[in-house]
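Me: I have just opened this one and would like to talk it through, a bit at a time. Can you take my questions as they come?

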Amino acid sequence: MFTLPLGDTAQLRPLEPWHTQEFLAHIDRARPHVDPWIPWATFSTDRASAAALLQRYADKQAGDTARIYGIWLDGTLVGGVMFARFDSTSGVCEIGCWLEAAGEGRGLVTRACRALLDWAFAERGMSRAEWWVWPGNTRSVEVARRLGMTRDGVLRKHTEYRGERRDIEVWSVLAEEWPPAPETSAGGVPDSEVKAELDRLTRTFFDAFTNTGGRRPDLGAVREVFIARGTIISNSGGADAGPVVYDLDSFIAPRERMLTDGTLTEFSEWEVAERTEVFGSIAHRFSEYRKSGIRDGERFEGSGRKTVQFVRTPIGWRMSSMAWEDV
């Protein structure tokens, strides 16, 4: 058995039939949260049905056609990820995930899915990884975006669930699109806990602007992840315009207005690739991102790059400066 650290005192491990009782207790906690989106949770209602599900995956793993893994946080099973399909002949696999409320907000699913995709592409030579999701499952769609996946289209009325035919969105990422593992820096491989904290700060920054599905953006989170006199620089105006330098107040105010007055709706921005280097009590991160939304009634999509500098303070790691350009 292997154990892969995910940071935040979390681990990724194989989920096997001998975990049946623990798995059932977890599904009972998660059921109200995941049952609308994960149909097989509906069928794990007692020990026998939970054992049967885990045994099916064990049999499929033996045949190299599927795999399932659990996410443990502080020793408690809180979710998992899986290869719902794994076809080494065609070079196509499908990954999926689920998570109970206790595991949310830590980036556990995204990190676990990255581990699966690293293995699928680098070790097994897969060509394409898919992500199937019901259109209303915004959390799952956000994970697909953070993984750098592209929305291929919709399979209309593809799946029946509780007497209703439902559409399925198909997202995918190709082997040539998958970023390589971060390079080892002159300062060595970043400590996993430090890296997890820098991941969390970055994720919180991106998430602060999200107003999809009627959600209210939380621009106050920008102040939480930055030092008090942090600097944010836009270099998207071209060589003639030059950079625009903001302090936190001048950066937050106009964006908060746009995201709450109807100018910019259904907006989200997500990281798709990064390289992070840590040197003692300072660090930096190169980040590629994508974004989408509706501006003045017109849908748009875009992408760009950010560089972020971090410093370790008496109360933990914080961002000190950021620069970005849209491309």
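Me: Let's start with Asp-74: buried or exposed?
Reply: This is a predicted model, and in it Asp-74 counts as exposed, because its relative accessibility is 56% and the cut-off for exposed is over 50%.

Me: Where is the place of Asp-74 in the chain?
Reply: Asp-74 sits in the loop between S3 and strand S4, the latter covering residues 76-87.

Me: Changing topic, how many disulfides does the count come to?
Reply: The count comes to zero disulfides. Cys-97 is in no disulfide, and the cysteine sulfur nearest to it, that of Cys-113, is 5.2 Å away, whereas a disulfide needs the two sulfur atoms within 2.5 Å.

Me: Is Cys-97 buried or exposed, and what of Cys-113?
Reply: Cys-97 is buried, because its relative accessible area is 14% and buried means under 20%. Cys-113 also counts as buried, with a relative accessibility of 0%.

Me: Now the aromatics: how many pairs does a search of the whole structure find?
Reply: The search finds 14 aromatic pairs. One of them joins Tyr-246 and Trp-324, whose ring centres are 6.5 Å apart and whose planes are at 15°, so this pair is stacked. The two residues come from distant parts of the chain, with Tyr-246 in strand S10 (residues 244-247) and Trp-324 in strand S14 (residues 316-326), 78 residues apart. Tyr-246 and Trp-324 are both buried.

Me: Which residues form one aromatic cluster?
Reply: The cluster is formed by Phe-205, Phe-206, Phe-209, Phe-226, Tyr-246, Phe-251, Tyr-289 and Trp-324, and the stacked pair of Tyr-246 and Trp-324 therefore belongs to it.

Me: On to the second largest pocket: how much space lies in it, and which residues lie nearest its centre?
Reply: The second largest pocket holds about 520 Å³ of space. Its lining is made of 20 residues, and those nearest the centre are Val-141, Arg-145, Trp-171, Ser-292 and Glu-301.

Me: Which element gives the largest share of that lining?
Reply: H5 gives the largest share, with four residues. At least two lining residues come from each of helix H5 (138-146), strand S7 (150-161), strand S8 (164-174), strand S11 (264-279), strand S12 (282-295) and strand S13 (298-313).

Me: How do the residues of the lining divide into nonpolar, polar and charged?
Reply: The lining of the second largest pocket has nine charged residues, six polar and five nonpolar.

Me: One last thing, in which strand does Leu-155 lie?
Reply: Leu-155 lies in strand S7, and it is partly exposed, with a relative accessible area of 31%. Leu-155 and Arg-166 are eleven residues apart in sequence, and their C-alpha atoms are 8.8 Å apart in space.

Conventions. Residues numbered from 1 in each chain as written. Predicted model: local features only at pLDDT ≥ 70, side-chain atom pairs only at ≥ 80, totals over all residues. Heavy atoms only, no water. 1 Å grid on protein atoms, 1.4 Å probe; cavity = no way out; pocket = protein on both sides within 12 Å on 5 of 7 lines; lining within 4 Å. Points joined across faces, edges and corners; volume = space filled by probe spheres on them. Nonpolar A, V, L, I, M, F, W, Y, C, P; charged D, E, K, R; others polar. Buried < 20%, exposed > 50% of the residue type's maximum accessible area, 1.4 Å probe, protein only. Phe/Tyr/Trp six-rings, centres within 6.5 Å; stacked < 30°, edge-to-face > 60°.
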